[in-house]
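Please have the sequence and the structure at hand while reading.

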Amino acid sequence: MKTDLFQAPDYYNIDDLLSDEHKMVRNAARDWVKREISPIIEEAAQKAEFPKSIISGLAEIGAFGPYIPQEYGGAGLDQISYGLIMQEIERGDSGVRSTASVQSSLVMYPIWKYGTEEQRKKFLPKLATGEWMGSFGLTEPDHGSNPSGMTTNFKDKGDHYLLNGAKMWISNSPFCDVAVVWAKNEEGRIHGLLVERGMEGFTTPETHNKWSLRASATGELIFQDVKVPKDNLLPNKSGLGAPLGCLDSARYGISWGAIGAAMDCYDTALRYAKERIQFDKPIAGYQLQQKKLAEMITEITKAQLLAFRLGQLKNEGKATTAQISMAKRNNVDMAINIAREARQILGGMGITGEYSIMRHMMNLESVITYEGTHDIHLLITGADITGIPAFK
Ligand code: TGC
Ligand code: FAD
C-alpha cells in the first residue's frame, strides 16, 4: 500500500489566521483523508466506482452539512471550517469532494433554507449522517449554462404534482435517496421539488465512460409522470434565484477544494523533483523546474488568501455571487494549471496511477466545467463590473 507523504504548503503562515476550531476541524479532515481516502482512491478511480464505504467517515468529519445548525444534525461550523473541510477532501480527490458538496450545499442547504420545518426534520438529520444521500438536478440535456430554459415541468393535479422531464450530468444520482429537482410549474416559474427514490416513474441511470471524476457516480434523473406529494415542494423560494443561491454555497466550497488538489500536486512534484536525479543532480536544482515550482507555490498562496478573505465575507453574510464566481474561476484554473505543470515535472511517472497528479488533472476538467463553466464565471465578473450582462 502507498504511503501518503503529503505535507501541506503554507507559505504565508495562513495557519496563524485560523482559530483553534478551524485547525481542529481541518486536521481531523486531513488525517481522515490520509487514513481512509489515500489508500483506496486510485483503485476506485481506475475501476470508476464511487467508494460507498467512505460515506460514514465523511459524515463523521462533518462533511455533510458543516454549516447546517446542529439541531438538524449539521456540524454548526462557520464558513471557513466548511472551506477547510472541502480543501482537505479535494486534496484526496475532487470526486469525493463533489459528493460532499452536493450533499451539503445542493441538497441540505435548499431544504434548510427553502423547506418547511417538517421537511427539515424529515430529511436533514438523515442526510447529515449519510443514511440518506442526495442529488441536485438543475442541468438538462439542452440547458446547461442556461438553466432558465429548462423544460422539466410539473402540473398541479389537486392532491399531488405530476412531474415530467429529464436532468443529466447529476452527481450522486445513481445512488441518491432523494433528489432536489428544479422544474417549472404551469406558469413557467421554477420551483424545487424533493423527489424520493421509489416514486413510480423516477429512474436514475448512470453515465459511464467518464475520463474525469471517475470515483464519483454521475447519472441522469428521469421523470415520467412522477406523482410528487404536495408536501415535497420547497415553498420558501422560487425562481432561478433559488437554485443559484445553492450554487453560491457550493461554488464557494469548490474555491477551497481546488486549493487542496493544487496542494497535493505541488507537494508531490516538489518531493519528486528533489529526489529525481538526472545529469547527476536532482532535477529540483535546474532553473526550469524551479520556475515551475516557484510559480506553483505563488499561485497556491494567492488562492489561499482569496479563499480565506471570501470565507470572512461569507461569515459576515457579505459575500456576493460575483465575488464567489471570481474565487471559483481563479482557484480551479490555478489548480488545473498546477496539475499540468506538476505532471511534467514527474516526466513519464506523471501519467501513472503511482502518483495522484494525473487523476487530479482529469478531475479538474469537470470542476472547471460544473457549477458554472470557466467562461460563465468570467461573464459573471464582466456583468458585475460593467453592469452589462453579456450572456445573451
Ligand atoms: P439572471 O437573469 O442573471 O438571474 C435570474 C434571477 O436569479 C437571480 N440571481 C440570483 N439569486 C440568488 N443567488 C444568485 N447567485 C443569483 N444569481 C442570479 C437574479 O437576480 C434574477 O432574479 P429576478 O428576480 O430578477 O428574476 O439569469 P440568466 O438566465 O441570465 O443566467 C445567468 C447565469 C448564466 C449566470 C446563470 O444562469 C448561471 O450561473 N449559469 C451556470 C449554470 C450552473 O452553474 N449550473 C450548475 C449546475 S449544478 C452543478 O454543476 C453541480 S456539480 C456538483 C458537484 O459534483 O460538485
Ligand atoms: P454548455 O452550457 O453547453 O457550454 C458549452 C460551452 O459553451 C462552454 O465552454 C461554455 O462556457 C460556453 N458557453 C455557454 N454559454 C455561453 C455564453 N453565453 N457565452 C460564452 N460562452 C458560453 N449539473 C447539475 O445540475 N447537478 C449536478 O450534480 C451536476 N454534476 C455534474 C458532474 C459532472 C462530472 C459534470 C461534468 C457536470 C455536472 N453538472 C451537474 C452539469 C454542469 O453544471 C454543466 O455541465 C455545466 O453547467 C455546463 O453546461 P453544459 O455542459 O451543458 O455546457
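## Polar contacts of ligand 2

In this predicted model, an oxygen atom of ligand 2 has a backbone N or O atom of Ser171 at a distance of 2.9 Å. Side chains take part as well: a polar side-chain atom of Asp375 lies 3.0 Å from an oxygen atom of ligand 2, while a nitrogen atom of ligand 2 is found 2.7 Å from an N or O atom in the side chain of Thr139. Of the 970 Å² that ligand 2 exposes when taken alone, the protein buries 69%.

## The pocket and its shell

Ligand 2 sits in the largest pocket, and 17 residues surround ligand 2, the closest being Thr139, Ser145, Trp169, Thr373 and Phe391.

Which elements each supply at least two residues of this shell? They include the strand β3 (160-171) and the helix α11 (374-386), and it is β3 that gives the largest share, with three residues.

## Helix α5

Turning to another part of the model, the helix α5 covers residues 94-114 and has a kink of about 35 degrees at Met108, shortly before the proline Pro110. At the start of α5, a side-chain oxygen of Asp93 comes to within 2.8 Å of the backbone nitrogen of Gly95.

Is α5 largely enclosed by the rest of the structure, or largely open? Because 19 of its 21 residues are buried, α5 is largely enclosed by the rest of the structure; a residue counts as buried here when its relative accessible area is under 20%.

Key
Residues numbered from 1 in each chain as written. Chains lettered and ligands numbered in written order. Predicted model: local features only at pLDDT ≥ 70, side-chain atom pairs only at ≥ 80, totals over all residues. Heavy atoms only, no water. Bend = angle between axes of the 7 residues up to and from the residue. Helix = DSSP H or I, 4+ residues; strand = E, 2+ residues; numbered from the N terminus. Buried < 20%, exposed > 50% of the residue type's maximum accessible area, 1.4 Å probe, protein only. Polar contact = N/O pair within 3.5 Å; in protein donor to acceptor, adjacent residues only side chain to side chain. Near = heavy atom within 4 Å. Areas by Shrake-Rupley, 256 points an atom, 1.4 Å probe, with all protein chains shown as cover. 1 Å grid on protein atoms, 1.4 Å probe; cavity = no way out; pocket = protein on both sides within 12 Å on 5 of 7 lines; lining within 4 Å. Sits in = over half its atoms within 2 Å of the grid points.
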